[in-house]
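Let's go through how the chains of this model touch one another, one question at a time. Have the sequence and the 3D view open as you read.

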Amino acid sequence: MSGIPLVVAEEVAQALAEGRAVVALESNVITHGLPYPDNAATAVEVESAVRKGGAVPATIGVDGGRLLIGMGEADIERFAATPGIPKAGNRDLPVVLARGGLGATTVASSLVAAELAGIPFFASAGIGGVHRGAQATMDVSADLIQFTRSRVAVVCAGAKNILDLGLTLEYLETQGVPLVSYRSDDFPAFYCASSGLRSPHRIDDPDVVARVVEHHWAAGGRGVVVTSPPRPEDAVDPEVAESAVRAALAAAERDGVTGNAITKYLMRAVDEATGGRTSRANMAVLVSTAETGGVLAAAHARHRSALR
Amino acid sequence: MSGIPLVVAEEVAQALAEGRAVVALESNVITHGLPYPDNAATAVEVESAVRKGGAVPATIGVDGGRLLIGMGEADIERFAATPGIPKAGNRDLPVVLARGGLGATTVASSLVAAELAGIPFFASAGIGGVHRGAQATMDVSADLIQFTRSRVAVVCAGAKNILDLGLTLEYLETQGVPLVSYRSDDFPAFYCASSGLRSPHRIDDPDVVARVVEHHWAAGGRGVVVTSPPRPEDAVDPEVAESAVRAALAAAERDGVTGNAITKYLMRAVDEATGGRTSRANMAVLVSTAETGGVLAAAHARHRSALR
Amino acid sequence: MSGIPLVVAEEVAQALAEGRAVVALESNVITHGLPYPDNAATAVEVESAVRKGGAVPATIGVDGGRLLIGMGEADIERFAATPGIPKAGNRDLPVVLARGGLGATTVASSLVAAELAGIPFFASAGIGGVHRGAQATMDVSADLIQFTRSRVAVVCAGAKNILDLGLTLEYLETQGVPLVSYRSDDFPAFYCASSGLRSPHRIDDPDVVARVVEHHWAAGGRGVVVTSPPRPEDAVDPEVAESAVRAALAAAERDGVTGNAITKYLMRAVDEATGGRTSRANMAVLVSTAETGGVLAAAHARHRSALR
Ligand SMILES: [Mn+2]
Ligand SMILES: [Mn+2]
Ligand SMILES: [Mn+2]
């Protein structure tokens with residue numbers, strides 16, 4: 001049987017071989033987030049934040065039928081500057097690999113790649129979730145199911161408040177995905193420190209987070225979601241964010257925006273309504289989550305080597 | 001990689017080594033069910049029922065970062081008498097293990113532990129299911145998904161009628177979980193002999209149940225749900241139970257009870273409305289299901305040793 | 001541990017041993033589709049179509065506690081002529097095996113059998129999906145979840161338009177099941193060339209389909225859904241089909257038809273409303289999908305042997 005060819009960056013390969021901490025990162029945030037050249041600058045900043053936390057960053061992408069596990073600055077520049085790179089979600093990954101060319105990985109497909117490469121941690125500002133109105137549309141992000149398959153810990157600032165976060169927590173509970181909140185009582189809402197929903201578990205000590213992850217895997221479990229709230233100076237007030245989302249949802253309904261187009265539409269509308277606050281917060285959260293990912297991955301690597 | 005430390009009771013270890021029948025039991029029913037000392041007495045009675053059926057009981061719990069696989073009477077006393085032991089569902093299990101201290105396992109987390117210990121059968125009076133109104137709340141018990149993961153047969157008296165049992169059957173069907181009813185035509189409703197819903201398969205012979213379980217595992221399947229109705233003398237009339245549930249649901253809505261608190265609220269309201277009938281039935285069902293679990297596990301152990 | 005006894009037809013065994021293409025087929029279409037002897041004639045025609053495509057057909061069934069992997073004409077005749085053969089879905093399969101006697105496999109249970117026998121492709125005219133109104137009933141076919149478990153590529157003409165095809169696509173997306181459409185832009189609706197819903201991926205080259213399948217498996221994935229539309233001369237106009245379905249749904253509601261009985265009721269009502277067009281299209285689609293399954297399985301077998 002064929003394996004998928006992995007192009008592992010030398011620094012990543014060496015860290016994995018030595019049991020040092022590595023944090024995987026998605027590339028979809030580069031290609032489908034900010035405009036060029038801000039996207040490239042932010043991606044480099046996110047990688048630096050992972051290093052500051054104590055781990056080696058490994059940005060994931062697809063290139064010519066191979067998976068890139070760790071991008072250099074040249075790769076990041078290429079992904080940032082090339083228009084029209086297709087988004088390769090978990091169900092699209094084999095298609096994008098088979099077709100050749102570049103592909104930008106999402107949370108779900110980055111988890112697939114991270115596990116193939118043996119990377120135990122992944123960081124992303126926000127994960128997907130259950131969409132508002134999913135009771136009727138059944139629109140639920142593939143991220144939530146991928147957490148039940150990939151043996152990777154996911155560090156994030158929760159999920160965007162354009163989603164239904166209460167339903168997202170119910171869905172994760174049904175699927176048996178452990179959810180722990182690092183140094184906060186509540187499930188954060190991306191650029192809001194709290195979604196108003198209590199987290200099932202607050203853990204303040206990185207070593208305890210590391211043990212949770214190892215215990216889940218030892219029990220046959222797969223993904224673990226670890227939330228980390230935005231820094232107070234970056235956070236948007238939840239009421240401001242919620243009322244902007246409600247206005248944006250009403251506008252989307254008026255404009256007839258539906259399906260896959262709605263996320264982008266809502267994000268933009270919310271950003272305009274908050275005078276650009278949310279997009280600035282967005283960038284700050286990307287960076288602070290990556291740093292926390294580095295801190296937690298480093299604690300986990302220390303825990304693992306102590307076990308050996 | 002670290003394994004989870006298991007503390008296997010000597011009697012359980014010996015039975016497993018000799019290929020004799022073992023039935024796993026949850027501890028959440030001890031800590032979150034009856035008040036002390038009734039909970040301890042019932043747990044001992046449930047263990048005796050498993051023995052009467054022909055198997056060795058293995059009550060599961062968490063203690064100081066280890067999984068207890070089989071409790072002695074001293075352990076049962078400790079779990080029964082200690083207030084505030086946290087409930088450790090499947091998603092909480094790694095957290096409770098990492099934090100240390102005692103933890104009470106639910107159906108879902110007991111299945112995880114049973115599989116780790118190599119115990120093929122588990123008995124519980126009732127499993128979780130799809131909550132009434134889950135079309136809006138997405139409140140679906142993690143038990144249903146854990147059945148798709150743990151290679152353990154689950155013997156139960158169906159699910160509580162405070163749930164939506166029709167939707168529960170649909171959910172199990174979608175997930176491909178085999179459901180067979182031992183010596184009854186209908187899916188039971190915990191302390192009611194029938195939920196009014198036909199079971200997909202009635203099987204009267206324990207040896208056939210044993211073969212179903214082995215065939216499912218040989219085909220790569222995981223959990224099998226085997227229902228066993230309450231004894232006629234213990235059963236509550238379905239119409240009495242249903243009208244008590246409806247009244248309790250109306251009261252819960254009036255009192256604004258929601259979320260995780262609702263199950264306990266409803267159980268208590270239904271019990272008051274039936275003059276304590278349902279809590280007496282509850283205890284009887286715990287015991288009779290455990291005995292049937294013992295009978296079926298014994299048949300399965302005989303079937304397995306005949307295959308060797 | 002016991003394995004499930006497989007009775008592999010000699011031609012199938014030889015093809016698998018030599019790395020030649022094999023396509024698994026369900027038997028439920030024989031027992032629960034057309035009346036005798038049309039069902040037998042069609043099953044033979046479907047097998048010929050697989051051969052014409054370049055692969056060996058392996059019709060799956062249950063017989064006396066064993067799985068038939070490939071039926072001869074005598075077996076097909078027996079399944080076609082015997083009344084009352086039970087339908088053995090994925091959750092029923094271990095029960096039907098344990099009880100003995102004949103059993104007809106569905107899409108989901110045929111996938112279980114195909115994987116056990118090492119057959120990488122399966123063809124069926126239509127797969128199950130999310131039922132109309134499933135937001136309230138939670139009626140979702142077990143096929144959709146089985147795709148996440150069986151390492152088998154499924155070639156089909158989409159799903160019947162009596163289902164909610166938009167919700168079916170959402171469900172497959174959440175579950176991360178790759179969906180590619182062979183030589184068409186849209187997700188077909190069984191006997192309609194288009195459901196009006198865009199497919200996420202159109203692929204015209206059988207070799208690319210083969211690579212998608214191998215890449216998904218190499219990444220740890222399981223099922224891949226490959227749609228192939230009906231031939232233009234066989235296709236029913238989508239508007240004609242949709243208005244017949246709406247009339248049938250209204251009639252079903254008026255007649256109080258619900259649950260498992262509804263699919264058959266709707267299919268018959270739609271066929272009557274279209275003057276028998278849909279049942280003729282049904283047979284044509286069975287045959288053309290099987291041939292495409294043969295073509296794609298053959299490309300996949302060539303791809304695999306080139307990798308060795
Ligand atoms: Mn979606
Ligand atoms: Mn719940
Ligand atoms: Mn159904």
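Q: How many residue pairs are in polar contact across the interface of chain C and chain A?
A: This is a predicted model, where local features need pLDDT of at least 70, side-chain atom pairs count only at pLDDT 80 or more, and totals for chains, interfaces and linings use all residues. Residues are numbered from 1 along each chain as its sequence is written, chains are lettered from A and ligands numbered from 1 in the order in which they are written, and side-chain values use heavy atoms, with hydrogens and water left out. A polar contact is a pair of N or O atoms within 3.5 Å; within protein, one must be able to donate a hydrogen and the other to accept it, and residues adjacent in sequence count only if both atoms are side-chain atoms. With both residues at pLDDT 80 or more, the number of pairs between chain C and chain A is six.

Q: Which element gives the largest share of the side of chain C that touches chain A?
A: Helices (H or I, at least four residues) and strands (E, at least two) are DSSP runs, numbered from the N terminus. Those giving two or more residues to this side of chain C are helix H7 (134-137), helix H9 (165-174), strand E12 (202-203) and helix H10 (206-218). The largest share is seven residues, and it comes from H10(C).

Q: Which residue of chain A forms a salt bridge with C:Glu173?
A: A salt bridge here needs a side-chain nitrogen of Lys or Arg within 4 Å of a carboxyl oxygen of Asp or Glu. Chain C and chain A have one such bridge between them. Its closest N and O atoms are 3.8 Å apart, and the partner of C:Glu173 is A:Arg91.

Q: What area is buried between chain C and chain A?
A: Buried area is the accessible area (1.4 Å probe) that two parts lose on being put together, summed over both. Carbon and sulfur atoms give 57% of it here, and the total is about 2,400 Å².

Q: Which residues of chain C lose the most area to chain A?
A: Three residues together make up 25% of what the chain C side buries. They are C:Thr174, C:His201 and C:His215.

Q: Now for chain B and chain C: which residue of chain B pairs with C:Arg91 in a salt bridge?
A: The interface of chain B and chain C holds one salt bridge. The closest N and O atoms are 3.8 Å apart, and C:Arg91 pairs with B:Glu173.
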